[in-house]
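Subject: That structure you wanted to look at

Hi,

Here is the structure I promised to pass on.

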Amino acid sequence: MKQVTKGQWSGYDTYILHSRELEVTLLPRLGNNVISLWDRKENREILRRPEENDLSYYLQKPYHFGMPLLIPPGRIREGQFQFEGTSYQFEPNSAGGHHIHGLHRAQSWCVSDIEEDEEGCAVTTEFNTADDPRWMEQFPVPLKFEMTFRLHDARFKQTLKVSHLGDKNIPFGMGYHTWFMIDGEPDRWKLELPVQSVYELNNELLTSGNLLPLGELEALNQGMELSGTNLDTVLRIGDEQSAEALLMRDDGYGLRYTADKEFFRHWVIYTKGTADQFLCIEPYTWLPDAPNLDKEASFTGIITLKPGQTLAVSSHLEVIYPEL
């Protein structure tokens, strides 16, 4: 079962990683998204999967399904910012004339490697920003992205490698907008998330640079019930806390979602209205509107990429099964 097979979604090739526990479906040619994570033991979809008739909506908002990669994540005020004397203008694409969720959308990645061995299986994909004119118009920096997806039993790992091929320092931020299914049963699920504080947002959902106490969200540190929650909240991880989310069902089934603490310092929790079908657990390296905040990088999470530098950032998802 530790193999990679090919499939189709709405006319586009997919690559499916198989283990005894899971099937992970990748869509490289439309944004390199993980569009499905099927639990073979539980016979359930772990992620919000797009249906075949969702293609037009998917192309408009690909970050509404699966585990989409955001480069950079969150909103940027009017799409404008400056960094080390250079001005950048991203396309305003949201209410209020702001930019949201980055330049990476439905670009075509190519599969560069497939591995199958006794330990598991993996697919590596690549994308060069210089091949995307719209990207280069907004962020004229040649970057090479390589993503390795590895499946081992009930554990799935993503590693993004970013190589800076340009000639000046640039700000870099990334995140994932991961859509977990809670199956219309929010009363059965709890979210445990080690966090320290809440980032204040204004009425346009832009970060102010101020930190607020957790208040009722203090329950996240012990395990917060999802029933009745309505969240679109940016949270800060404390220095001594791990970057790990634990989403548990009342029968002992659950998901452990872990990000590389060296880079991921923030979570966004989004329920899309009152929690019912979905819970988005979103690890971010930088804050929404990070380049426009008058704060140090230790606060905003901005990574300064230097010419010739290569950066590797990982995240892990593990399925937890009830003890029999």
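Below is what turned up, starting with the charged side chains and ending with the backbone. One thing to keep in mind throughout: this is a predicted model.

**Salt bridges**

Some background first: side chains of opposite charge can pair when their charged atoms come close. How many salt bridges does a search of the whole structure find? The count is 15.

Start with Glu21 and Arg20, which form a salt bridge with their closest N and O atoms 3.2 Å apart. The two partners sit in contrasting surroundings. Glu21 has a relative accessible area of 5%, so it is buried. Arg20 comes out at 62%, so it is exposed.

Next, look at Arg150 and Glu115, whose side chains meet in a salt bridge of 2.9 Å, N to O. This pair links distant parts of the chain: Arg150 belongs to strand 13 (residues 143-152) and Glu115 to strand 11, and they are 35 residues apart. Arg150 counts as partly exposed because its relative accessibility is 27%. Glu115 is partly exposed too, with a relative accessible area of 31%.

Arg256 is partly exposed, at 25% relative accessible area, and Glu244 is partly exposed at 27%.

Salt bridges can also join up into a network. Which residues are linked that way here? They are Glu42, Glu185, Arg188, Arg249, Asp250 and Asp251.

**Charges without a salt bridge**

Now for Asp39, which lies in strand 4 (residues 33-39). Asp39 is buried, yet it has no salt bridge. What does the side chain of Asp39 make a polar contact with? Its partner is the side chain of Tyr253, at 2.7 Å.

For a contrast, go to the surface. Glu116, Asp117, Glu118 and Glu119 gather there in a patch of negative charge. One of them, Glu118, sits in the loop between strand 11 (110-116) and strand 12 (121-128). Is Glu118 buried or exposed? Glu118 has a relative accessible area of 68%, so it is exposed.

Most residues other than glycine have a negative phi, and most peptide bonds are trans. A few spots in this model go the other way.

- The peptide bond from Ile71 to Pro72 is cis, with omega near -10°. Pro72 is in the loop between strand 6 (69-70) and strand 7 (75-76).
- Glu84 is not a glycine, but its phi is positive, near 50°. You will find Glu84 in the loop between strand 8 (80-83) and strand 9 (86-89). With a relative accessible area of 54%, Glu84 is exposed.
- Leu205 is not a glycine either, and it has a positive phi of about 65°. Leu205 is in the loop between strand 19 (197-201) and strand 20 (207-212), and it counts as partly exposed, at 32% relative accessibility.

**Two buried residues**

Leu226 is in the loop between strand 21 (224-225) and strand 22 (232-236). Its relative accessibility is 1%, so Leu226 counts as buried. How far is the C-alpha atom of Leu226 from that of Val198? The separation is 18 Å, and the two residues are 28 residues apart along the chain.

Thr233 is in strand 22 and counts as buried, at 14% relative accessibility. Thr233 and Leu211 are 22 residues apart in sequence, and their C-alpha atoms are 12 Å apart in space.

How values were computed. Residues numbered from 1 in each chain as written. Predicted model: local features only at pLDDT ≥ 70, side-chain atom pairs only at ≥ 80, totals over all residues. Heavy atoms only, no water. Patch = residues over 30% accessible without salt bridge, like charges linked within 9 Å, V, L, I, M, F, W, Y side chains within 5 Å. Areas by Shrake-Rupley, 256 points an atom, 1.4 Å probe, with all protein chains shown as cover. Salt bridge = Lys/Arg side-chain N within 4 Å of Asp/Glu carboxyl O. Lys, Arg positive; Asp, Glu negative; His and termini not counted. Charge placed at Lys NZ, Arg CZ, Asp CG, Glu CD. Helix = DSSP H or I, 4+ residues; strand = E, 2+ residues; numbered from the N terminus. Buried < 20%, exposed > 50% of the residue type's maximum accessible area, 1.4 Å probe, protein only. Polar contact = N/O pair within 3.5 Å; in protein donor to acceptor, adjacent residues only side chain to side chain.
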